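Please open the model in your viewer and keep the sequence panel beside it. The tour below moves from one selection to the next, and each stop says what can be found there.

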Amino acid sequence: MGSNIDALTTVFTEFYYWVTVVMMFLIHVGFCMYEVGASRRRNHMHTLMKNTMLIPLVTITFFFFGWWIYWAFPNGPGFIGGLEDGSANAPWSPTMATNLSDRITGVFWAAFLLFSWTAASIVSGSVIERIRSTAFWIHAVLIGSVFWIIDASWGWHYAGWMVKVLGYHDAYASGVIHAIAGGYALGVLVVLGPRLGKFAADGTPRDIPPHNPWLVTIGLFLIYTGFWGFYAACNVPIISPEVIDGQITGVTWTATNIYLAPTTLGAITFNFLMSLSGGLLVAYIVSKGDAFWTYSGGLAGIITASAGNDLYHPIQAMFIAGFGTFCAYKLHYWVERKFKIDDAVGAVAVHGYAGFIGVCIAGFMLWGQPSSPYEGYAAINPLGQFIGAVIMFGVLGFLPAFIISKIMAAKGMLRIPEKAELQGLDHHSELAYQAAIDDVRAAERELAANQK
Amino acid sequence: MSTNGMESWAVDLKDVGAIYPFQGTEVILVILGLAFWIGFHVMQARVEAGELAEAERDFNAEHSNKNIDRY
């Protein structure tokens, strides 16, 4: 840090990202509440632990190789160049530790890590009550520390090949987090199959209501809250044109999006709230006031508008959110009926379809705008966005999940046995719980009988 | 041509103002937004009226007493 202003900027940026990480923890609290609320009583603890244990698994793998992938893969490698030098972000690098000459890597790593948890957690909800934890945790590591971070390196990096060649723009991750995680969930679900009893003999889907709708909705409320942290974490809070080193002239400092193109926290605050509102209003009407879908619609609204929420007008964001929410709701039930897909929490629709649609809409709304402050990058355009959405949802989401799930299914390690599913995944822990209670009761009764 | 008039960031940011797409359509957007808002109330009122009419049709004293007891 050469001067006091540099020092202040660095420490402010360090603190800024640190705060976003703490806020983003609420996303995970929300996902846990939401999943447990959606599951039936005989599966509570298993559902909770399935989601909880992705935290340490994704964290350590993201430290070991996920973060390095982000910095090493922006060229593909092999599409527009080779591997980039990611050595400063390799797990053995001195900057990946306590280091007074680098205060940003740790908090920046953590911000991305929290996105990784989210990607894995999105998949977690859709597969509840019938997936083996063994299989899910492998999937969690793959989506959280491999596939999503590859797509981030390609389409959410200031020098990613998708940004350079396709003009890909996805400021708050409609595709980069949500479409890929939704596509990944769908790839697992196709192989995993529905929960027992989900479909009648004639193929008619049955509703399996959440055991605790109140817990589900509060979980979604917490996800909204954590989403604020996510939005802030997608920005660079303050940077000078000389540090960006692109085409911007003058000396005016600015906040930027992940591509280092200017935006403001004010813009994303307007657009976050207006897109949340657009999603909630449309979801309330289309679902006839169903609480689960109204809350999910708020999320789908934000997700649809997120690709361009650094640049949209707030009313545009509201309408885009409403449109995406309507499509996601209709697609969820159409896919369920047509393909017999049991997505227990609507994650494929809320994240996958809404994210895909949002990336495509941004191509039209932002057509011709610069995707980057650097010279020679393609401008934002509908075709580039569509190809980008297909890469996110299909190539890096659905496809690997489908192939890996097929292998797991062939090895008998994907789905729990039918008897275990009927009995409930908490069966053993409930027996141990009851045995402990009986033991303590018996001991206390004996003591009470011996009292004079 | 671009939807917000900017085709590159080779500018001095002190000279840049609004950067949202389709500038000039703000009044139309507000009118459409107001229509969306009013439309919500109209549709919501219809849905609620239908639900309440159904509740009246389905009234059952025994069930009501159970709900009252449940608090």
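Is Glu35(A) buried or exposed? Select this residue before reading on, and bear in mind that the model is predicted. Glu35(A) has a relative accessibility of 0%, and it therefore counts as buried, since the cut-off for that word is under 20% relative accessible area.

**Stop 1: the partner of Glu35(A)**

Lys50(A) belongs to helix 2 (residues 44-52) of chain A, while Glu35(A) belongs to helix 1 (residues 4-38) of chain A, so the pair ties together parts that are 15 residues apart in sequence. Lys50(A) is buried as well, with a relative accessible area of 1%. As a general point, side chains of opposite charge can pair when their charged atoms come close.

**Stop 2: a pair between two loops**

Next, select Arg195(A) and Glu129(A), whose side chains meet in a salt bridge with a distance of 3.2 Å from N to O. Arg195(A) is in the loop between helix 7 (174-192) and helix 8 (213-233) of chain A, and Glu129(A) is in the loop between helix 4 (105-126) and helix 5 (133-155) of chain A, so this pair ties together parts that are 66 residues apart in sequence. Arg195(A) counts as buried at 4% relative accessibility, and Glu129(A) is buried with a relative accessible area of 3%. If you extend the selection to Arg40(A), Arg130(A) and Asp342(A), you will have a network of salt bridges in which these residues are linked with Arg195(A) and Glu129(A). Over all chains, the structure holds eight salt bridges.

**Stop 3: the whole of chain A**

Of the 452 residues in chain A, 58% are buried.

**Stop 4: the whole of chain B**

Switch to chain B, where there are two helices and zero strands. The C-alpha trace of chain B spans about 75 × 25 × 15 Å along its principal axes, and its radius of gyration is 26 Å, whereas a compact globule of 71 residues would have one near 11 Å. Of the 71 residues of chain B, 21% count as buried. Chain B exposes about 5500 Å², and carbon and sulfur atoms supply 61% of that area.

**Stop 5: charges on chain B**

Select Lys14(B) and Asp15(B), which form a salt bridge with the closest N and O atoms 3.4 Å apart; both of these residues are exposed. Then move to Glu48(B), Glu51(B), Glu54(B) and Asp58(B), which gather in a patch of negative charge on the surface. Where does Asp58(B) lie? This residue is in the loop between helix 1 (26-57) and helix 2 (61-70) of chain B, and it is exposed, with a relative accessible area of 53%. To finish, color the charged residues of chain B, which carry 5 positive and 11 negative charges whose mean positions are 6 Å apart.

Key: Residues numbered from 1 in each chain as written. Chains lettered and ligands numbered in written order. Predicted model: local features only at pLDDT ≥ 70, side-chain atom pairs only at ≥ 80, totals over all residues. Heavy atoms only, no water. Patch = residues over 30% accessible without salt bridge, like charges linked within 9 Å, V, L, I, M, F, W, Y side chains within 5 Å. Areas by Shrake-Rupley, 256 points an atom, 1.4 Å probe, with all protein chains shown as cover. Salt bridge = Lys/Arg side-chain N within 4 Å of Asp/Glu carboxyl O. Lys, Arg positive; Asp, Glu negative; His and termini not counted. Charge placed at Lys NZ, Arg CZ, Asp CG, Glu CD. Helix = DSSP H or I, 4+ residues; strand = E, 2+ residues; numbered from the N terminus. Buried < 20%, exposed > 50% of the residue type's maximum accessible area, 1.4 Å probe, protein only. Rg over C-alpha atoms; globule rule 2.2 N^0.38 Å.
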